[in-house]
Amino acid sequence: MTERDPFSSREQPFGPIGPRAAPYIPPQALEGVRTRRVMAVALDLILVAGMSAALFVALFILSAGLSAFILPPLFPIVAFFYNGLTVSGWRMATPGMAFMDLEMRTMDGNPTPFLQAAVHAVLFYITWLFPPLLLVSLFTSDKRCLHDMLADVIVLRRSS
């Protein structure tokens with residue numbers, strides 16, 4: 001592992017069933033993460049909306065308007081694959097996260113697999129239905145939101 005890897009000195013689990021020790025995360029890896037995440041989400045929402053609109057228009061034209069009945073759920077489908085494919089990719093971040101110098105990892109320090117990244121996105125959008133749940137990150141030492149905890153991931157600064 002590289003020197004900047006915040007998970008390099010983490011402790012191993014007690015056993016196959018017992019609780020894991022919390023990984024050591026240097027403070028620099030969490031510096032400004034909340035603010036950067038808000039900006040990254042705004043950028044990603046713009047990108048997903050643009051891709052959804054382009055796909056909607058293309059499918060509408062190609063189907064001569066017949067696909068209009070199946071296109072309304074297009075945004076969540078695009079968001080699901082957008083997050084799953086980009087976070088599980090080599091950058092470990094969506095384009096918005098990469099622009100804001102963030103990356104997502106599992107709590108083991110490994111790259112996030114597609115399904116876990118996509119589920120994280122679904123949990124994120126569900127959390128938006130109950131905005132007070134986003135305040136959980138104000139009370140956690142590692143600045144994780146509730147949807148991060150449920151998906152067992154963490155967002156860190158890339159250049160820490």
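At 32% relative accessibility, L133 counts as partly exposed, where buried means under 20% relative accessible area, exposed over 50%, and partly exposed in between (1.4 Å probe, protein chains only). This is a predicted model, in which local features need pLDDT of at least 70 and side-chain atom pairs count only at pLDDT 80 or more, while totals for chains, interfaces and linings use all residues. Residues are numbered from 1 along each chain as its sequence is written, and side-chain values use heavy atoms, with hydrogens and water left out.

**Surface patch**
- L133 sits in the loop between α5 (114–127) and α6 (146–151); helices (H or I, at least four residues) and strands (E, at least two) are DSSP runs, numbered from the N terminus.
- Together with V122, I126, L129 and F130, L133 makes a nonpolar surface patch of about 450 Å².
- Patch members have over 30% relative accessible area and no salt bridge; like charges are joined within 9 Å, and nonpolar side chains (Val, Leu, Ile, Met, Phe, Trp, Tyr) within 5 Å.
- The accessible areas come from the Shrake-Rupley method with a 1.4 Å probe, and for residues only the protein chains shown count as cover.

- Helix α2 covers residues 33–62, and its 30 residues reach 42 Å from first C-alpha to last, close to the 44 Å expected at 1.5 Å a residue; the expected span is 1.5 Å times one less than the number of residues.
- V33, R37, A40, D44, V48 and S52 are buried in α2.
- Just after α2, you will find A64 with a positive phi of about 55 degrees.
- The 14 residues of α3 should span 20 Å at 1.5 Å a residue, which agrees with the 20 Å between its end C-alpha atoms.
- Buried in α3 are L74, V78, A79, Y82, N83, G84 and V87, and the buried residues of α3 pack against α2, α4, β1 and α5.
- In the loop between α2 and α3 (74–87) lies S67, which is buried at a relative accessible area of 9%.
- Beyond its neighbours within four places in sequence, S67 is in contact with L59 and F60; contact means heavy atoms within 4.5 Å.

**Nonpolar core**
- The largest nonpolar core has 13 residues, of which A40, M97, L102, M104 and V155 touch the most other members.
- At least two residues of this core come from each of α2, α4 (95–99), β1 (102–106) and β2 (153–157).
- A nonpolar core is a set of buried Ala, Val, Leu, Ile, Met, Phe, Trp, Tyr and Cys residues joined through side-chain atoms within 4.5 Å.
- Apart from neighbours within four places in sequence, the contacts of M104 include V87, M92, M97 and V155.

**Salt bridges**
- The whole structure holds five salt bridges, each a side-chain nitrogen of Lys or Arg within 4 Å of a carboxyl oxygen of Asp or Glu.
- R157 pairs with D101, with the closest N and O atoms 3.8 Å apart.
- Since R157 lies in strand β2 and D101 in the loop between α4 and β1, the pair ties together parts that are 56 residues apart in sequence.
- R157 and D101 are both buried.
- R158 forms a salt bridge with E103, the closest N and O atoms being 3.6 Å apart.
- That pair links R158, in the segment after β2, to E103 in strand β1, 55 residues apart.
- E103 is buried, at 1% relative accessible area, and a network of salt bridges links E103, R105 and R158.
- R144 bridges to D142 at 3.7 Å between the closest N and O atoms, and both R144 and D142 are buried.
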